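Trainee: I'd like to learn how to read strands and cores in a model. Could we go through an example together?
Mentor: Happy to; let's open one.

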Amino acid sequence: MERQKWWKHSVVYQIYPRSFSDSNGDGIGDINGIRSKLWYLKELGVDVIWLSPVYSSPNADNGYDISDYYGISPEYGTMDDLKALIFECENCGIKIMMDLVVNHTSDEHPWFLEAKRSKDNPYRDYYIWRKGEAGNPPNGLGSCFGGSAWEYSEETGEHYLHFFHKKQPDLNWENQAVRKEIWNMMNDWIDLGIGGFRMDVIDMIGKVPDQKIKENGPKLHEYLQEMNRETFGDKNLLTVGECWGADTENGILYSDPRQKELDMIFQFEHMKADEIPGKQKWDLKSLEFLQLKQSFAKWQVALEGKGWNSLFWNNHDLPRIVSRWGDDKEYRVESAKMLATVLHGMKGTPYIYQGEEIGMTNYPFSGIEDFADVESINMYHERKKMGYKEDDIMKSLCAKARDNARTPMQWDDSREAGFTKGSPWYRVNPNYKKINVESALADKNSVFYYYKKLIRLRKEEPVLVEGIFELLCPKDETIFAYTREWKDQKWLIVCNFYKNPVAFSYPAKGRVILSNYCQEPVLQLDKINLRPYEAIICELI
Ligand code: NOJ
């Protein structure tokens, strides 16, 4: 029998380096800042750090536009700093998972600088070029950041493809030389001792632009199998692909070990439960709670015994979950813990995004000048042009802008929340005096210690790792409840997702393992009243 993979009982912590901790006072978080906070991650108990990009980059998209895959951006430090981080993490039992951004490069990457010079340049085919008709783009493909996905390049009179910013030209994966370059680079990082890769928009690498296919192209899985063979296949790493376009069928293709592709993927179906199908995330709608439950349950059931789920509410692209689907005011602490319970009770590998573990909230934006992210700024101008009202645009931005997640980490109540001694690259949330690491560590009932317990449970309780998931009361409009069953053990996870108290009933007694309210050690579950955002994990006895 295959030994259980280590990442099945691990918890990953995502660091967005720019906003985590600044060691040199330039206002930008850096690698040495992360090193200075390893004690904190050790205290929390996480096993892996997913490090958002620290590579050389002109920062059109905060590092997701890489100009040198082998180099560290000076604003984050040096390669020696990174090696030291990997080494020190290893001593704490923490692995570093690097962000692998290979759907596109920066337009300042030497490959692209060469490629755009002439049609017969040896690097030309590293990218995707098409002739437009009469100065128009070759077709109507749109960029994820608004506008056309094609940019005219004067040097040769052709357009190149960019699914994101025009400073992020898409690589041509059809070209074997490109794939070879990427395998070499990945192997270099593996040799350096990293613990895995998080693969940026990896479901786009099989694109067929002439047929307007962005995600899930015909050769996608072939490429991933080749990647597996040529790089990490025989190593003991964690690989997770970002796949906005995944359904359960290809979720299995990606993560079934027999397929020899990846260990797991980020799929986003549950995060679309407050979106209007076919519209943009900016077109707001309130949460469809039943859809949310159904979506989680569908993935839990579909991947059982076949693939593996990753579990997340947050990352650097998503607004803060406690503001989105919890209550970031009166019940901030209760609802943050409830949301954590829903997620960490399920089967899969949980991911925590920096600040989530202290219940950090969205930023109180008041005007467009408050935003830094290219996606938000583009959307603002686009919608302004289309005649949208300022107020409506701001509502969308406040709810969904990625900048919500990118405000500096709140360490203490000193100036700039202890993030920097200088002036921070981006604004600190004014609630830092109350919400910060120092005060969380001083309060035994804080969100932090609740996360810590959840992380420990995953390591100590095989039922959380292995247990089969079953959704309870799927039609209940406010309660999220499910069981996990393993051997002769059965756990019940029951959460009131909302503020109004609600009755719940399950025909058994439960020994309480964890709750966000004070509980008797044993509960008669056939009639309980759940308080606002109450969450209980118990073992059925
Ligand atoms: C997904 C990343 O998470 C996001 O931040 C980035 O803008 C795009 N991919 C493009 O790399």
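Trainee: In which sense do β7 and strand β8 pair, and over how many bridges?

Mentor: First, the general idea: strands of a sheet pair through backbone hydrogen bonds, either parallel or antiparallel. Keep in mind that this model is predicted. Here β7 and β8 (residues 158-161) are antiparallel, with 4 bridges between them. Across that pairing, tryptophan 150 faces leucine 161 of β8.

Trainee: Which strands lie at the edges of that sheet?

Mentor: The open sheet has 3 strands, ordered β6-β8-β7. Its edges are β6 (129-130) and β7 (150-153), each pairing on one side only.

Trainee: What about β1: which strands does β1 join, parallel or antiparallel?

Mentor: Strand β1 runs parallel to β13 (residues 349-353), joined by 3 bridges, and parallel to β2 (residues 48-51), joined by 4 bridges. Valine 12 has tyrosine 351 in β13 as its bridge partner, while tyrosine 13 sits opposite isoleucine 49 in β2.

Trainee: Which way do the side chains of β1 point, and are they buried or exposed?

Mentor: In a regular strand the side chains alternate between the two faces of the sheet. In β1 (residues 12-15), Val12 and Gln14 point one way, Tyr13 and Ile15 the other, and all are buried.

Trainee: And which residues have the most contacts inside the largest nonpolar core?

Mentor: Look for Phe197, Trp313 and Phe497, in a core of 136 residues. A second, separate core has 17 residues, including Ala481, Leu492, Ala508 and Leu525.

Notes: Residues numbered from 1 in each chain as written. Predicted model: local features only at pLDDT ≥ 70, side-chain atom pairs only at ≥ 80, totals over all residues. Heavy atoms only, no water. Core = buried A, V, L, I, M, F, W, Y, C linked by side-chain atoms within 4.5 Å. Buried < 20%, exposed > 50% of the residue type's maximum accessible area, 1.4 Å probe, protein only. Pairing = 2+ DSSP bridges. Helix = DSSP H or I, 4+ residues; strand = E, 2+ residues; numbered from the N terminus.
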